[in-house]
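Keep the view open as you read.

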Amino acid sequence: MNENKIMRIFKRILYDYIYIPLKILSKDKRALFGLIVLIIYILMSIIGPIFVPLSLEPNMEERYQPPSWKHPLGTDFAGRDIFAQIVNGGRDILIAAFLAGFVTIGLGTIIGLIAGYIGGKVDIIVTTLIDIFLTIPGFPLLMIIATWLLQSGITVNILMIAFLLSITSWAGLARSVRSQVLSIKQEPFIEVDKCLGLSKFHIIFKEILPNAMPYIAINFMLSSVSAVYSYTGLMALGLIPYTPGNWGAMIHMAQAYVGTITGAGCWYILAPSLVIIILQVSLVFLSNGIDKIFNPRLREW
Amino acid sequence: MPNPLLKTENISKIFEVGSMFGAKKHIKAVENVSIEIGENEILALVGESGCGKSTLGKLMLALLRQDSGRILYYLNNGYKDIWSLKGEEFKEYRRNAQLIPQDPYTTINPMRNVLSALTPPLLHYKIAKNRKEARKMAAELLTMVGLVPPEDFFKRYSCRLSGGQLQRIAIARAISVKPKFIVADEAVSMLDASLRIEILDLLLNLKKKIKTAYLFITHDLAIARYFARDQRIAIMYLGNIVEIGKTEEIIQNPLHPYTKVLLMSVPIPDPKIARSRGLPKLKSLEIPSLVNPPPGCKFHTRCPYAEKICEEKVPELREVKGRLVACHLL
Amino acid sequence: MRWIVKRLLMALLTIYVVITITFFLIRFMPGDFVEMMVYYYMTTYGMSEFEAREMVYGLYGVELKDPLWLQYIKYMITLLHGSWGESYISHQPVLKSLLYGLPWTIFLLSISLTISFIIGIGIGILMAYRRGGVFDNAASVITSISRATPNFILGLLLLYFFAIYYPIFPARSSYDISIKPGFTIEFISSVLYHSFLPMMAYVLTSFGGWALAMRGSAIRVLGEDYIVAAEARGLKSSRISRTYVGRNALLPLFTSFAIHLGYMFGGSVFIETYFAYNGIGQIIGLALSWRDYPLIQGGFLLITSAVVISNFIADLLYGLLDPRIRRGGMYE
C-alpha cells in the first residue's frame, strides 16, 4: 500500500469514527458532559498514580484531618491521604466496568442473533434461558458466586471479575437483539438481499446488526453502570479481594468505621461515594446521547 | 410458448395460522397454479388484496417454498426444479430472479446509505472487480434510473429520500445484476399517482435495454393494462388463476365472470358512461374467507351466472378462444 | 388459561434452576472443598478436625459416598421438605431464621417500592406532557442521578449524615427495643421512625428509573392516533391523561417490576446491615461475613423465590389488565 492510501484510510477513520460522533454528541449538552467526565476519569486513572502515589502507611496522629493543602481531601481512619486513594482506586473499577461491558454486549449480541436468526427449537431454548436469567435477581446471584469463588481458592484476576459481572446482565441485551432480528428478518429489503444473492453472513452482520447497534451501544453503557454497582457492592461486602485504595474498599472500610468518624472525617465516606455517583451519572448521560450516533435517522441533518 | 424461462406446475402454498389456544387454521394462499413466463415478456398478475398474488411472486423467486407442485427454470437447454439446484446453477438462477418490493421506504436498509445498498451484489457476483469500479457502476445504475447526479445520492439514507427516488433505487438494485426475470410486486401502488406512469415507463425502457421478463403484480387493472399492453395478463381470485391471455383480448372481451366484474369496477371519470354501464350483478357482496373457501368454483357465491355444477366441481383452466379460462359455463 | 400455565411453569423452572445452581456451586468447587471447609472451621472456630468434619458433613448432607445424581435427588427432597440445613452461628434451622426477618424486609421493600413507583410515574407523566420544556430537562437530570446512584452508597451517606452526624434519625434496629411490639400507636410510630432512612435510601434511588420508563412509555402513547381522536372528541385532558394515557403507558412497566424488586432485594443486604434493620438482608449480611454457607444459600433461595413469585403475580396482573391477553390468542 502506498502512502496516499494509508493517509486516506487514516483520514476516513478520523472523520467517521471520531469527528462525526463528537459533532453529534456536542449538540447534547448532557452527553457531552458525560463524555468529558469519563475522559477525565480515564486520564486520572492512567496518569494520576504517577503524580499522586499511594502510601498506605498508617499514621494515627493524622486521623480524620479536614481537607488541606497537604491532604486535599483529608485523611482516613488510619491517617492516610484520601485524595491519593481516590486517584489510585479508579483503575481497577474502570477496567472491570468496561471489560464487563464488552463481555456483556458480546455475549448478548451473539446469543440474540443466534436465537433470532435461526429460530425454531434453538430459539425456544434460548428464550427460556433468557427469561430465567432475567428473573433471577442479579446481585444476590453474584454474591453467592463470589462467596463460592472466594472459598474455592482460585486466584481471581480482573478478567474473571469481568466475566462474573456479566453473568447477570447479558440477558437483557440478548432479548432486545433477538426481537430486533425477528422484526427485521421479515422486512422487504432482506428479501431483496436474498434475491441479490448476498450471503447469510452479509445479511446478519451488515444488514441486521447495524439496526441493533443503537441498543447495543446503549446497553454497553448501562452494563458498565451495572458492573460498577456490582463491583463496588461486592467489595463493600468484602466478598472480592481488592487492592486498598479502591473505591469499593473505601466504602467497605467507611462502613466498618462509620461510628468512629469524627468531624471532617466525613470525607472518607463522601469522597468515594461522590466519585462513584458522578461516574455512574456520566455514563447514564452518555448512554442517552449515544443513540444519535448509531441511528442515522435521529440525526438533525 | 416455446421454451418459457420459468414455469410453475400445479403449485400450492398453504399457510398455517393460529395461536397456541385454538386449532391451527389453514389458508390456501395459492392453489394449483400453473403459469409460464417467457424470456423478455411481461405477464401482469391482477387480483384483489389477499388473493395470493404476492405469494405466487415470492414462490417463483424461491423466497417461499411451495407445498406441492414444481417450479422449473430453463437452464442449459433443460428444465430443472429450482429447489434441486445447487452450487453454480443455483447461483445462476438466483442472479436472474430479482424483486422490486411494494413499499419504497423499506426497500433499502434504513441504517445504510444508498451506495452501500448498491455495491454489495456487484462485488458478490464479481461484476465489479473492486470497490472503485463498483462505485462507478453504481453511478451508472443511478443515472440509468434517472437519479442524477448520482454522487449526490451515494451518502444519503432512506429517510432523506422521497418515495419516487427510493423506488428508482429499488429498480437500480434489481437490474444491477442484469437479471432475466423481475417480479415487481405492486411496485407503484404506494407511489403518488403522478409518479406512477414515470416509473412504469422507466421499467419499460429498461426492459428494452436489458431484455428482462417481468411478472407485474398489481390490483389495479388500469395500470396492468398500461404496462402489459401487447403482452399477457393473468387474473387471480382466492388463490386460483381464473383467466390468462393476451391483454387487449381480455380487456375488450372478458370471458370469466370475475374478470367481467373487475372490469366493471374500474372507475370511469365520465358519469354518463359510468351510469350507463351499471353495477355488476353480484349475488353477494361478501368476500369468502380464505380459511374456509367455498367448495367447487370459489367464485360461485358471488357469481351471477352460477349453476349447480359450480358449487361442486373446481373448474380447470381450459383453452377458450385463444386464452385459458377456468369456468364451467364456457 | 394456557398462558397462565405457561407462566407458572416458567416460575417453577426458574426456581428449579436456582436450586440446581446452588447445588452445583457446592459440589463442584475446584480444589478439595470439603478439606478447605474443614480447615476453615478448624482455624476460625478452633475445632478439632473430627468435630470440623462432622459439622461440615452434617451441614451439607455431603454423603460423598453417594453418586452425584443421588446426592442431587436427596438435596432436592430435603429442600422441599423445608429443612434447609442448619446455620452454624445459631444452630437454628435456616428456614426458620430467615422467616423471622422476611416480614420486616417485605414491609420495608413494599412500601418503598410503592412510594417510588407512585412518585416516579407521576414525574414521568409530567415529563412526557411537558416534553422539551424546563421541567422535562430539570427532571431528566434529577431522575438520571437517581437512577445512577447505587442504593447502598446513598444508604451509607444517609446513615452518616442523618443518623450519626446530625442524629435526627435512629441508626439502629427496626424499632425501639424498649417498646413492646403490638398494634399500639407507640410501636407503629417507632417502626415508621426507624424505617424512614432505609426507605429514603430505596425510594430516592428508584424513583428515577420509574420516571424515565414512564416518560418513554407515555411519549409513545401520546403519539398514538387514538389520543388525538380522544382530544378531537373533546374529552377533558385530565380524563385523557388518566384513562387513556395512564393505563396504556403503565402496562409495559409491569415487566420491569420484578427486575426492580430483585435489585431492591440485592440492595437490602447492605441497607439492612448499615441500619441494623432486622430483615433478611441483615441476616444474609451476617451470614456472608461468617461464611455461614447454609444460611447464605438459604437466603439466596428465599430471595429468588420471593422475586419469582412476585414476577409471576405481576405477570398475572398484566394478563388481567391487558385485554389483548385476556381475550386470548390472535385476532381471527
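Predicted model: local features only at pLDDT ≥ 70, side-chain atom pairs only at ≥ 80, totals over all residues.

Residues are numbered from 1 along each chain as its sequence is written, while chains are lettered from A and ligands numbered from 1 in the order in which they are written.

**Chain B overall**
- Chain B has twelve helices and 13 strands (DSSP runs numbered from the N terminus: helices are H or I, at least four residues; strands are E, at least two).
- Its C-alpha trace spans about 70 × 50 × 50 Å along the principal axes.
- Of its 330 residues, 41% count as buried (20 or more other C-beta atoms, placed from the backbone, within 10 Å of a residue's own).

**Two helices in chain B**
- The axes of helix 6 (residues 163–175) and helix 7 (residues 193–210) of chain B come within 11 Å and cross at roughly 15° (axes are lines fitted to C-alpha atoms over the stretch in contact; angles run from 0 to 180 degrees between N-to-C directions).
- That makes helix 6 of chain B roughly parallel to helix 7 of chain B (angles under 35 degrees).

**Helix 12 of chain C**
- Helix 12 (residues 280–289) of chain C is mostly covered, with nine of its ten residues buried.
- Among the buried ones are I280(C), G285(C) and L288(C).
- Just after this helix, R291(C) takes a positive phi of about 50°.

Methods. Parallel < 35°, antiparallel > 145°, perpendicular 65-115°, else oblique. Buried ≥ 20, exposed ≤ 12 C-beta atoms within 10 Å, placed from the backbone.
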